[in-house]
Amino acid sequence: MSNSKKTNQGTSRRAFLYQSSLASIGVLLTGKSAMASNSLFAAQLPNSKVNGVQIGVITYSFRSMPGSAEQLLKYCVSAGISAIELMGDPAEVFAGSPVGLMPAMKFPPPPPPPPPVPGQPVKPMMPPPEFMKMMEERNAKARTWRETASMDKFVELRKMFNDAGITIYAFKPDAALGMKSTDAEIDYAMRAAKALGATSVNVELPTNADHSKRLGEFGLKHKVYVGYHAHTQATDTIWDLALSQSPYNAINLDCGHYIAAGGANTKETLLAFINKNHARITSMHIKDRLSGANGGKNMPWGQGDTPLKEVLTLLRDQKYKIPATIELEYDIPEGSDAVKETEKCVKYAKGLLA
């Protein structure tokens, strides 16, 4: 057989496989969700990786909209997202959790953080008491299910997203990784992350050192990183203890919260922190917040004090393999929605990285 024939046959075969994969996505999505439309089945899968930098989104960004796993998949494809941090709730419901999707709860925005006091830690923002009570009740109901849950549906969920061109790099099942979680629940969270294809589970940074040590031991056991997230209590040293406790304890850095904390946290210290700790940062949350001195409010991208361009180009130029995760927290303008705003953020990031 001539080389030209071989080449033509190879090209035809690749084209056939590509078209077949698109068709399978169409069947999958229409079968799984009545909301899926023909607009999803375009000739090209989503791609939000730009010059080596993976732009992703945390599915929390779509909290203002119906939030089943199938619906989240549609939102990501529509916004052009090819990688995500998946919240625990929709994944657990897809896998058979008895509690159902968490109802939408609207709370008044928290007040801006007070200016930091030198020598004193900044207190993290806490959810309202009614939210905490609801979560306690839901967690108690889901605990038995988590301790015995099969991983088959998590594997199925991974395939559903992968077939649509979306990878899951992080899983945030906060409810299964808390202080009151049983060993079996933590074990479940690690196994679920692996089944989803995630390399890390993300969770709020514990104030109890014994708990971060405990989670780090489970991370080592399963070879899954634990990315600790901080709000405006973030400092350059707040992760040090957790990092020293386990090679699988890591950082889920929120650049917007870091800047909003103000005080010693500046653009220069943020970039220096990333350079120093890049090997221990499993993913970042990217948002544009005003600095603490300017009120700390979340703003549309380009209107706040977070050095978005400097952060993203640092990842590009240094080839740091850290996903940059859009976390949509600014007020959605009238006439828009979370999908449209996420798409704007993707385009803005691409413009900075072009």
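Helices α11 (residues 308-318) and α12 (residues 338-353) pack at an angle of about 65 degrees, and their axes lie 9 Å apart. Axes here are lines fitted to C-alpha atoms, for helices over the stretch in contact, and angles run from 0 to 180 degrees between N-to-C directions. Helices (H or I, at least four residues) and strands (E, at least two) are DSSP runs, numbered from the N terminus. The crossing of α11 with α12 is right-handed. A crossing is right-handed if the near helix is turned clockwise from the far one by less than a right angle, and left-handed if anticlockwise. On the α11 side, the contact is made by L308, K309, L312, T313 and R316. On the α12 side, Y348, A349, L352 and L353 take part. Contact means heavy atoms within 4.5 Å. The residues of this contact divide into six nonpolar, one polar and two charged. Ala, Val, Leu, Ile, Met, Phe, Trp, Tyr, Cys and Pro count as nonpolar, Asp, Glu, Lys and Arg as charged, and the others, Gly among them, as polar.

The model is predicted: local features need pLDDT of at least 70, side-chain atom pairs count only at pLDDT 80 or more, and totals for chains, interfaces and linings use all residues. Residues are numbered from 1 along each chain as its sequence is written, and side-chain values use heavy atoms, with hydrogens and water left out.

Within α11, the buried residues are L308, V311, L312, T313, L314 and L315. Buried means under 20% relative accessible area, exposed over 50%, and partly exposed in between (1.4 Å probe, protein chains only). An α-helix has 3.6 residues a turn, so residues three or four places apart point the same way. D317 also belongs to α11. D317 is partly exposed because its relative accessible area is 46%.

Just after α11 comes K319, with a positive phi of about 60 degrees. K319 is found in the loop between α11 and β11 (324-326). K319 counts as exposed because its relative accessible area is 63%. N51 also has a positive phi, near 50 degrees, in a residue other than glycine. N51 lies in the loop between β1 (49-50) and β2 (53-58). Most residues other than glycine have a negative phi.

The chain as a whole holds 12 helices and 11 strands. Of its 354 residues, 49% count as buried. Among contacts between residues at least 6 apart in sequence, 75% join residues at least 24 apart. The accessible surface comes to about 16800 Å², and 57% of that belongs to carbon and sulfur atoms. Accessible areas come from the Shrake-Rupley method with a 1.4 Å probe; for residues, only the protein chains shown count as cover.

The largest nonpolar core has 85 residues. The residues with the most contacts inside this core are F154, W239, L253, I274 and M284. Helix α6 (residues 183-196) gives the largest share, eight residues. A nonpolar core is a set of buried Ala, Val, Leu, Ile, Met, Phe, Trp, Tyr and Cys residues joined through side-chain atoms within 4.5 Å. In soluble globular proteins, nonpolar side chains tend to be buried together.

F154 sits in helix α5 (residues 152-163). F154 counts as buried because its relative accessibility is 0%. Leaving aside neighbours within four places in sequence, F154 is in contact with A91, A95, W145, F171, Y188, A192, A195 and L196. F154 and A192 are 38 residues apart along the chain, and their C-alpha atoms are separated by 6.3 Å.

T148 is in helix α4 (residues 129-148). T148 counts as exposed because its relative accessibility is 64%. T148 and Y188 are 40 residues apart in sequence and 8.1 Å apart in space, C-alpha to C-alpha.

N277 belongs to helix α10 (residues 267-277). N277 counts as buried because its relative accessibility is 11%. Beyond neighbours within four places in sequence, N277 is in contact with L243 and I251. T207 lies in the loop between β5 (200-204) and α7 (209-222). T207 counts as exposed because its relative accessibility is 81%. The C-alpha atoms of T207 and I238, 31 residues apart along the chain, are separated by 10.0 Å.
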